[in-house]
Amino acid sequence: MGSDICKREPHTGGESSGPSRRVDLAAREATRVGMLMVAPAVIITAALVIYPLATGFETSLRSGDTAVGGQPRFVGLGNYGDVLSSSTGRDAIAHTLVYVALAVTLELALGLIVAVALHRVFRGRGIVLAILILPWALPSVVSGVLWRRVFDPDSGLLNSMLAQLHLVSHPHVWLASRGWALVFITLVHVWGVLPLVSLILIAGLQSIPDEVYSASAVDGATPLRQFRYITLPLLGPSIAVALTVGTVWAIKIFDEIYVLNGTALNTRSILMEVYNTTFVNADFVHGTAFAFILTVVTVLFAAIYAVALGRSRT
Amino acid sequence: MDRPEATRGGIVLEGVGKEFLGGVVAVRDLSLAVEPGEFVVLVGPSGCGKSTTLRIVAGLEAVTVGEVRIAGRVVTGLPPRHRNVAMVFQNYALYAHMTVRANIGFGLKMVGTPKRETRARVDQAADILGITNLLDRKPRQLSGGQRQRVAMGRAIVREPAAFLMDEPLSNLDAKLRVEMRAEITNVHRRIGAPTLYVTHDQTEAMTMGDRVAILRDGALEQIGTPLELYERPVNIFVAGFIGSPAMNLLPAKLDSSGDAWHASIGGFRLLIPPKARAALRPFAGREVLLGLRPEDFVSTDDVRDGKHGIIEATVQRAESLGSELLVYLSINDAAASRPLTVRLDRRTAMREGTPARIGVDLQRLYFFDSHSGAAIR
Amino acid sequence: MTRSPAAQLVRTVVISAIVLWSLAPIGIGVATSLSTQADVQEIPAHWLPHHATLDAYRSLLGGTGDSRAGGTVSESGAFAHAMWNSASITLMSTLAILCVAISAGYAFARLRFPGRGALFWAIVATIVVPVFTVVIALFGLMADAHLIDRKLGLVLVFVSTTTPLAMWLVCNYVKGLPAEPEEAALIDGCTRWQAFWHVVLPQMRSGIAALSAIVVLSVWGEFLIPLLLTSTSASKPVTVLIPEYVGKYTTNYPLLAAAGVLALLPPAVVALVLNRHIRGMLSGSS
């Protein structure tokens, strides 16, 4: 700032400081302290998130073979085209869409049931809520491991149970069939995310004043109609947040797949395909390109929800 | 207690203006001086800029234009800590994690006062406010009134050059509010630092302020002693704001026939006392707003010739407040759409729906320009 | 709302189902971890072991048990070391994230300075970028700086990927706190920094507890990042070690379950102890 001429010590009596002290020391202090306090976050984000993203994006636009000597050839969006036209890539995208659709639907449906059941006060509610949180607290690797025995084809609990109920005649290799594998992996994923979605919806329900229900009950609304015409519309913003959280988490599903089914082709998600391309096949450029595709898809979903959220709040 | 700074000067605002981001003007060209030892109340409807003004004095908001001086020193642009002011907030703003003693002593600790002196001064402040037995408690263990006292204690212990209070009583119940009103006045007399007190409650303003400043839309409408504001309001806003129930404002026509001047409203005429005529001369034959305070009426039995004018009207509603009777009258005049509010002796007999004859004190008529709203005098 | 007995019954059933659904996998895990390999290979399967035994835990922690049962390898001491790695990485990351996020979140919420809006949104926007996209790009830089397979490298990555979300949570939380105590402190003679330190931080206690819990849980549970950035027991956390116990043909389920149970204990304890604060913050952020 170039206004040092009028810099004045705060305590200089001030017999005739003049009517226009142009320096706002209070604002200057807020600026100095504010910038200092945000500096670490800004530097870290710039150096370790934004800069790598920029260089990563640059990498994704070049060819992978450095054999030509020096700088790898610029190929534009060529790598993106390769990835999108490969069959494993397209399968991965399809699987991911199934994961997202299944997971979000389940989370929302179950989350609403949980929220309606738990948002009112009852004896032991604190304990139930504490238990509800647990699955979310567990590492997804651990929950995958815990569920693994359920789906094991030989000694698994699911096969065993179904056999005892005479629903299957021979053990089913659940994770080898594409349909069942996607469903069960989603189920394990939902187990871990449902607590978060439920808590968001519970908070939404609690923000709806009781008088609204009393008023509508006086008007003769049945509980089901109340849910349809009062709860759901007023819950709009919370549902949008829950959808965002559910989608963003499902779109990058990885841990559960890795633990339950490894890199098997029938369950590969986009992130699993990115992992496989980059670190198993050591193909950085295509891996990075695919990672950016995942980023764009995520941002698109987030933007759609943000718009929906903005609309439901007005 | 020796307080050199407090005697050097009060709180002075000169041409202060505040425009928020987005162009909302909260305060416009406000000039105001609180003399040393004086208690000035800023009052006005919500959104009139009174709290912003106080925060500007405290240094919590920056001015857009103008200057603020405290104890003779220009403090515009200084952070709050360099202004040597103390402030009591509406919600008390106590430090929830500290004991009462630590709350009161926090400001002294921040300026490096020796521990023993801090202790002594906190004890003294607590003694003044009668909260010595609460010193080891945490704020959440206190009642509203007790919190209020702690907030006061935190302010007085620092012996500041100026006292700022932002609606400090509005979170208390009615009874406690009356008690604390007296208490704050007493503490102020004892401490003597210039005080700027913000409220939306005109009763607080009238009972506590040495002078009262009335703000509307960020601008100062009038400043004066409570009596001045009551008796000589500069315009219909001040006239309507001060006094409860509010002053009646009726469109009236000025008839001058020789020496007898009358204000005529519908079917009846009120004789204007001679001393008011000079100012009213330019309005002769025109319409003005006539102001009548509800408390300036008397029932028929008490009417005295020459002192009172007579108004005939229909009783719409009569409300007994125990100590007095509030009567709402409809005048037989289309121009007076609102009923006339009248405060009468509690024993007056008034039947709803019946005609009534009441007297009004002719010495206490207020006249306002019906276009500008300014007082005519 | 008036409730009929039928509605009451439905609610009780639903609540029981929620509890069962949340606890069942953990229960199965505990039961499995107390079984022998013979128990779990029995067909039809048994939910509970015939004789509860701590063998799996012993072999896991390098005691007497048979560490090569079922064809999986458990190096003696490797698990304990991985737990230690997880704990130290989580602790360091959490401390760093808290410092950076609280200071920035507070400043963005309460202080006015040039560039505030732009910087805030630049940081918050990175929340939606999948962590993997960042890590893949960071990998080369980390390799150049010799930070692969080192705890410090992991901590750096966790700090950079978790700070934006943590900061955003803090910012929302601070905006929900009353500003007056802080203003009172400024008038009482504090500098901005002193007011933050003496008044705002103590005011934020519950939020900080919740934030610590959320950060601890997410760092402890992180799998993909350490999978890429660690290779030896020098830095490998427990989440990366556990999948290695999965055998190619048969799996030593008791051992795997015991590892899972031990790895879930710290986050479970954190979640249970701080669950009230966590719920407060999560509901505040929506």
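The entries below go through the conventions, then chain B, chain C and chain A.

**Conventions.** I note that this is a predicted model, in which local features need pLDDT of at least 70 and side-chain atom pairs count only at pLDDT 80 or more, while totals for chains, interfaces and linings use all residues. Residues are numbered from 1 along each chain as its sequence is written, and chains are lettered from A and ligands numbered from 1 in the order in which they are written.

**Sheet of chain B.** I looked up the strand order and found an open sheet of four strands, β2-β1-β4-β5 in chain B, with antiparallel pairing; helices (H or I, at least four residues) and strands (E, at least two) are DSSP runs numbered from the N terminus, and two strands pair if DSSP finds at least two bridges between them. β2 (25-34) and β5 (73-74) of chain B stand at the edges with a single partner strand each, so one side of each is left without a neighbour in the sheet. Strand β1 (residues 11-19) of chain B is joined to β2(B) by six bridges, and I noted that V16(B) has L30(B) as its bridge partner in β2(B).

**Helix on the sheet.** Helix α2 (residues 50-58) of chain B lies across β1, β2 and β4 (65-70) of chain B, at about 65° to β2(B). Axes here are lines fitted to C-alpha atoms, for helices over the stretch in contact, with angles running from 0 to 180 degrees between N-to-C directions.

**Chain B against chain C.** I found 18 residues from chain B and 15 residues from chain C in the contact, where two residues count as in contact if their C-beta atoms, placed from the backbone, lie within 7 Å. On the chain B side, β6 (85-88) and α3 (100-110) each supply at least two residues.

**Domains of chain C.** The domain assignment, automatic or from a database, gives domain 1 (5-69) and domain 2 (78-251 + 258-282) in chain C. Their contact takes eight residues from domain 1 of chain C and six residues from domain 2 of chain C, and α1 (5-33) and α3 (55-60) of chain C each supply at least two residues of the domain 1 side.

**Helix pair in chain A.** The axes of α3 (residues 87-118) and α7 (residues 178-206) of chain A come within 7 Å and cross at roughly 40°. α3(A) and α7(A) are therefore oblique to each other, given that angles under 35 degrees count as roughly parallel, over 145 as roughly antiparallel, 65 to 115 as roughly perpendicular and the rest as oblique.
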